[in-house]
Structure formats: C-alpha cells, structure tokens
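Q: Could you walk me through this model, one feature at a time? I'd like the cut-offs as we go.

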Amino acid sequence: EDFQRRRQTELKHGRVSMLATMGYITPEITGKLPGYLSPSMGIKFADVPNGLAAISKVPSAGWAQILAYGAFCELSQDQSPGTAASQGDFGFKV
C-alpha cells in the first residue's frame, strides 16, 4: 500500500512538472497572449516575465484563482485506492 501511494504521488508530481515545463517554454516559442492579465491594474500578458520573476508581477487574485483551480482538479476526482484514478488513469481522451 505504501508503494502504491508513492507511485501515485510520483505520477502526479511528474505530470505537474511536465505542465510547468510546457508553461515555461510555450510563451518563449509562440509568444504571449494579447490583451490584459489584469485590466484594472493595467497589466498586460506581455508585461509578465517567464519563470520565477512572474511571481511578483501576477496579482494576488490571480494566484488565488490558480490555487483554487488546482484544488478543484485535485479534489474533483475520487483517487481512493483501487480506483482507476489512483493508478494515474483520469479518463482523459486524447
């Protein structure tokens, strides 16, 4: 049971790190989205640098939205032992 939990956690961490890598590389290759990240604060997507420098540029409401979405994704799946999601199969169709 301990090994299965570690395997499940490793799958999740691997997927998060792959998404983070793509999130870093994609704006460098394709460019940034047009428009405003925060119209009320006058921050455009082009104003936000890549990497750790973005932490201080994104408004706190933006970080709250990111964390809320992550929590929703984490809690909306039944990942109890014995389910397909616990083994890394979340049913996404590619």
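Q: Where is Phe3 placed?
A: Phe3 sits in helix H1, helices being DSSP runs of H or I with at least four residues and strands runs of E with at least two, numbered from the N terminus. This is a predicted model, in which local features need pLDDT of at least 70 and side-chain atom pairs count only at pLDDT 80 or more, while totals for chains, interfaces and linings use all residues. Residues are numbered from 1 along each chain as its sequence is written, and side-chain values use heavy atoms, with hydrogens and water left out.

Q: And is Phe3 buried or exposed?
A: Phe3 counts as exposed because its relative accessibility is 54%; buried means under 20% relative accessible area, exposed over 50% and partly exposed in between, with a 1.4 Å probe and protein chains only.

Q: How far is Phe3 from Ala20, C-alpha to C-alpha?
A: Those C-alpha atoms are separated by 26 Å, with the two residues 17 apart along the chain.

Q: Switching to pockets, what is the volume of the largest pocket?
A: About 1500 Å³. On a 1 Å grid over the protein atoms alone, a pocket is an open set of points with protein on both sides within 12 Å along at least five of seven lines, a cavity is a set where a 1.4 Å probe fits but cannot get out, and lining residues have an atom within 4 Å of a point.

Q: Which residues lie nearest its centre?
A: Of the 42 residues that line the largest pocket, Leu19, Ala20, Gly23, Ile66 and Tyr69 lie nearest its centre.

Q: Which element gives the largest share of that lining?
A: H1 does, with 10 residues, and helix H1 (2–30), strand S1 (36–38) and H2 each supply at least two.

Q: How much space lies in the second largest pocket?
A: About 190 Å³, and its lining includes Glu1, Gln4, Arg5, Gln8 and Gln79.

Q: How many cavities of 30 Å³ or more are there?
A: The structure holds 1 of that size. About 40 Å³ of space lies in the largest cavity, whose lining residues include Gln8, Leu11, Lys12, Arg15 and Phe90.

Q: Last topic, where is Leu52 found?
A: Leu52 is in the loop between strand S2 (43–44) and helix H2 (60–75), and it counts as exposed because its relative accessibility is 73%.

Definitions and conventions:
Grid points are joined across faces, edges and corners, and a volume is the space filled by probe spheres set on the points.
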